[in-house]
Amino acid sequence: MGNNYLISIIMNCHNSARYLDEAITSVYNQTYENWEIIFWDNNSTDNSSEIARSYKDERFKYYKADKTEPLYKARNLALEKSSGEYVAFLDCDDMWLEY
């Protein structure tokens, strides 16, 4: 990428602790570093919250919903918190290959 655009990475989470650390770490393993993770905890009841909050980085922004919302609504709520020129979605059970 020629310019240094901010990329907002939307991660919607509902009880996704099993793969969550791998998914988040896959973002940190990218060579492009001008990004923010908008982590939307969709009222998880497992330890997803503890995993997400363990990332101490100003680019990692954690939000917890008051109630569980359908995915489309949760994504829209997370998008309202984003600041990037571009948006990417990363599901909590997926990971990005190093690039």
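The model described here is predicted, so local features need pLDDT of at least 70 and side-chain atom pairs count only at pLDDT 80 or more, while totals for chains, interfaces and linings use all residues. Residues are numbered from 1 along each chain as its sequence is written, and side-chain values use heavy atoms, leaving out hydrogens and water.

The structure holds seven aromatic pairs; rings of Phe, Tyr and Trp (its six-membered ring) pair if their centres lie within 6.5 Å, and planes under 30 degrees apart count as stacked, over 60 as edge-to-face and the rest as tilted. Phe39 and Tyr62 form a stacked pair because their ring centres are 5.8 Å apart and their planes meet at 15°. Since Phe39 belongs to strand S2 and Tyr62 to strand S3 (residues 60–64), this pair ties together parts that are 23 residues apart in sequence. Strands (E, at least two residues) and helices (H or I, at least four) are DSSP runs, numbered from the N terminus. Tyr55 and Phe60 are also stacked, at 5.6 Å centre to centre with 20° between the planes, and both of these residues are buried. Ring pairs join Tyr28, Trp35, Phe39, Tyr55, Phe60 and Tyr62 into a cluster.

Charged side chains meet ring faces as well. A charge sits over a ring if NZ of Lys or CZ of Arg is within 6 Å of the ring centre and within 35 degrees of the ring normal. Arg59 lies over the face of Trp35, 3.9 Å from the ring centre, and Arg75 lies over that of Phe89, at 4.8 Å.

What, then, of the cysteines? With a disulfide defined as a pair of cysteine sulfur atoms within 2.5 Å, the count comes to zero. Cys13 is in no disulfide, and its nearest cysteine sulfur, that of Cys92, is 4.2 Å away. Cys13 is buried, at 1% relative accessible area, and Cys92 is buried too, at 3%.

Two loop residues complete the picture. Most residues other than glycine have a negative phi. Asn15, however, has a positive phi of about 55°; this residue is found between strand S1 (7–13) and helix H1 (17–28) and is partly exposed, at 33%. Asn43 has a positive phi of about 65°, lies in the loop between strand S2 (35–41) and helix H2 (48–53), and is partly exposed at 24%.

Technical notes: Buried means under 20% relative accessible area, exposed over 50%, partly exposed in between (1.4 Å probe, protein chains only).
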